[in-house]
Amino acid sequence: MTPQKPDTTEIAIVGAGPAGVAAAVIAARAGAAVTLLDENTNAGGQYYKQPTLTESGHKYPNSLASNIQQGRELLAGLNHPGIDLQCDTLVWNVSPEELVLYLCGPTGARALQAKRIIFSAGAYERVMPFPGWTLPGVIMAGGAQLMLKAQGLLPGRRFLLAGTGPLLQLAAVQLLEAGADIAAIVELQPRAEFLRTASKLWGHWDKLGQGIANQKKLLQAKVPIKYGHTIARALGENEVSGAVIMKVDGDGRPIPGSETTLEVDSICLNYGFIPATELPGIAGCAQYFDYNFGAYATKTNENLETSVAGIFAAGETCGIGGADVALLEGQLAGAVAARQLGLDPDTDEATLCQKQLQARTVAASLGKMFPVKPGLCALATDGVPVCRCEEISAGEVRAAIRMGVVQLNQLKPWTRVGMGRCQGRICGEILRQIVAHETGLALQEIQPFTARAPVKPVLLEEVGGAVADTGELTWEDHVGGYGVART
Amino acid sequence: MKAQRINGIERGEPITITVNGKEIQAYAGESIAAALLAAGQRNIHQSVKGGAPRGYFCGMGMCFDCVATVDGIPNVRTCVTQVHPGCIVETSS
């Protein structure tokens, strides 16, 4: 394993979703050499994921077509000589002192040194466990949307959507328009909370309008929306064949005796989103606790600089805000980074900053209205797996908590939670909820898992030669024992 | 349960892939997971410890529940890997 000289660029951007693309376009137009990296086969992220089926000619239902079209217009900006878009490329580690990223892509493993780095890695969907939640046919609501728009595939016939927040109703409309039958939407918050949300959005007519249009379509299609309910169980042996829903009390605890069984073949879950903070975490960027969304996120100043010199963060990784926030923050981070390199971007950063703060305020009020409630932890009965990868049950986790193991980094070696292939991306936030529920600790007192390289499993044989010749770092520093061997 | 390719959405060239020794129909640009779901196979992966059925879950390559052996390479995420002509997929369940 001979260390190799890293490739170089001026601005490296990790994640080609709304924030990353917006940053790349602004910085490249200002004259910067930009390298835009994404793990996926195409740019767009999840929100602006484009169909991969054909170059043209698709008749998508209305609710998907406008999103695909907006994405296409944004992505057209990437056609600029200053932007080197590298897809199918995983950034699996970062060395913050030298601003070096470690990549694994079609041409093998490489290192890339930049003058500025922008992390715009997006978010993951938040879910909560219940008996049967690992059965095939239980999918994340965003995963269902991806099947519809990227694959033109309706992943089931008769659906239950469960969780909390506006995405459930939007996804239901998209599934309906694609020909699905929707048995019900179960929304954790009581109906009164939903109306209060609407009043908070007074003046933000576009957001209100979208919500009202969705509700109208669901009413026309006679889709029951069960407020103050939760999914309680997925039925089926080898795949989903039904679902049990229950009423919940004010804390989200299921009320015994309120069970209703629904005949469905698919269950879509969404309890909001969790910021993807692995790479900023490895770089040592400070985090803050976002009370509106109940999760830790990357801390930045008003120019979107993190606590580590030369590293910016934009979009969901700085706290859940949605695509509008991501687009504005991408522009702002791209512009500030370009200006720091002595270039003159065609933007007014003060105005961008103001708009971004306004958009953040709207997003925050939405987040506050759709909290995950602690009583939901009662659904994770002792036999229910909490860590899907290592198959660790809620009972094993509770036994450890009773022994005084209350931090995630302690639960990990104690029980093996978070040690599997998803590296805690799914169970991490669930565990924080369970620990809080069991111990009475506040969510912010329970630290998330420490992110470690490689941020996703990589082939050891591929990354073996990727260590950059930056002087003091060794192969062991970068890989430890976390990689996945091919055989 | 067979997933349904949505009518009116133009698809790429038809492609034949082999899943557990059986040929199934797919289209260029589709993910392996989409082709499996359309062929009625939702049960893609058998969990290592408990042998429990798993399938398409997150759809964005983070949960690793839809992994299969593709062209001899184990642990390939079928939701973020496209089909190609002659593609050989072996699922553990």
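Predicted model: local features only at pLDDT ≥ 70, side-chain atom pairs only at ≥ 80, totals over all residues.

Modeller: Let us begin with a naming rule: helices (H or I, at least four residues) and strands (E, at least two) are DSSP runs, numbered from the N terminus.

Biologist: Which residues is A:Gly310 in contact with, leaving aside its neighbours within four places in sequence?

Modeller: They are A:Leu99, A:Lys115, A:Arg116 and A:Ile117.

Biologist: How should I read the packing of helices?

Modeller: Two packed helices are described by the angle between their axes and the distance between the axes. Take helix H3 (residues 141–151) of chain A and helix H4 (residues 166–177) of chain A. H3(A) and H4(A) pack at an angle of about 30°, and their axes are 10 Å apart. Angles under 35 degrees count as roughly parallel, and H3(A) and H4(A) are therefore roughly parallel to each other. Their crossing is left-handed. On the side of H3(A), the contact is made by A:Ala141, A:Gly142, A:Gln145 and A:Leu148; on the side of H4(A), by A:Leu167, A:Leu170, A:Ala171, A:Gln174 and A:Leu175. Sorted by class, this contact of H3(A) with H4(A) has 6 nonpolar, 3 polar and no charged residues.

Biologist: At what angle do H4(A) and H6(A) pack?

Modeller: Helix H6 (residues 205–220) of chain A packs with H4(A) at an angle of about 50°, with the axes 9 Å apart. That angle makes H4(A) oblique to H6(A). The crossing of H4(A) and H6(A) is left-handed. From H4(A), the residues A:Gln169, A:Leu170, A:Ala172, A:Val173, A:Leu176 and A:Glu177 meet A:Asn214, A:Gln215, A:Lys217 and A:Leu218 of H6(A). The class count for the contact of H4(A) with H6(A) is 5 nonpolar, 3 polar and 2 charged residues.

Biologist: Are H8(A) and H9(A) roughly parallel or roughly antiparallel?

Modeller: The axes of helix H8 (residues 323–340) of chain A and helix H9 (residues 349–369) of chain A come within 9 Å and cross at roughly 150°. That makes H8(A) roughly antiparallel to H9(A). H8(A) passes H9(A) in a left-handed crossing. Among the residues making the contact are A:Leu328, A:Leu332 and A:Arg339 of H8(A), and A:Glu349, A:Leu352 and A:Cys353 of H9(A). By class, the contact of H8(A) with H9(A) has 8 nonpolar, 2 polar and 5 charged residues.

Biologist: What should I look for in the backbone of the loops?

Modeller: Consider the peptide bonds and the phi angles. A:Ala453 and A:Pro454 are joined by a cis peptide bond, with omega about -5°. A:Pro454 has its place in the loop between helix H12 (427–439) and helix H13 (460–463) of chain A. As for phi, A:Lys222 has a value near 60°, which is positive in a residue other than glycine. A:Lys222 lies in the loop between H6 and strand E14 (225–227) of chain A.

Biologist: How many salt bridges does the structure hold over all chains?

Modeller: Side chains of opposite charge can pair when their charged atoms come close. Over all chains, the structure holds 20 salt bridges. In one of them, the side chains of A:Asp7 and A:Arg110 meet at 3.3 Å, N to O. A:Asp7 lies in strand E1 (residues 7–8) of chain A and A:Arg110 in strand E7 (residues 108–113) of chain A, so the pair ties together parts that are 103 residues apart in sequence.

Biologist: How is the interface between two chains described?

Modeller: The size of an interface is often given as the accessible area lost when the parts come together. Here chain A and chain B bury about 4,300 Å² between them, 55% of it on carbon and sulfur atoms. In this interface, 55 residues of chain A are in contact with 47 residues of chain B. The count between chain A and chain B is 3 salt bridges. A salt bridge joins the side chains of A:Glu39 and B:Arg77, at 3.0 Å from N to O.

Technical notes
Residues numbered from 1 in each chain as written. Chains lettered and ligands numbered in written order. Heavy atoms only, no water. Axes fitted to C-alpha atoms, helices over the stretch in contact; angles between N-to-C directions. Parallel < 35°, antiparallel > 145°, perpendicular 65-115°, else oblique. Left-handed = near helix turned anticlockwise from the far one by under 90°. Contact = heavy atoms within 4.5 Å. Nonpolar A, V, L, I, M, F, W, Y, C, P; charged D, E, K, R; others polar. Buried area = accessible area lost by both parts, 1.4 Å probe. Salt bridge = Lys/Arg side-chain N within 4 Å of Asp/Glu carboxyl O.
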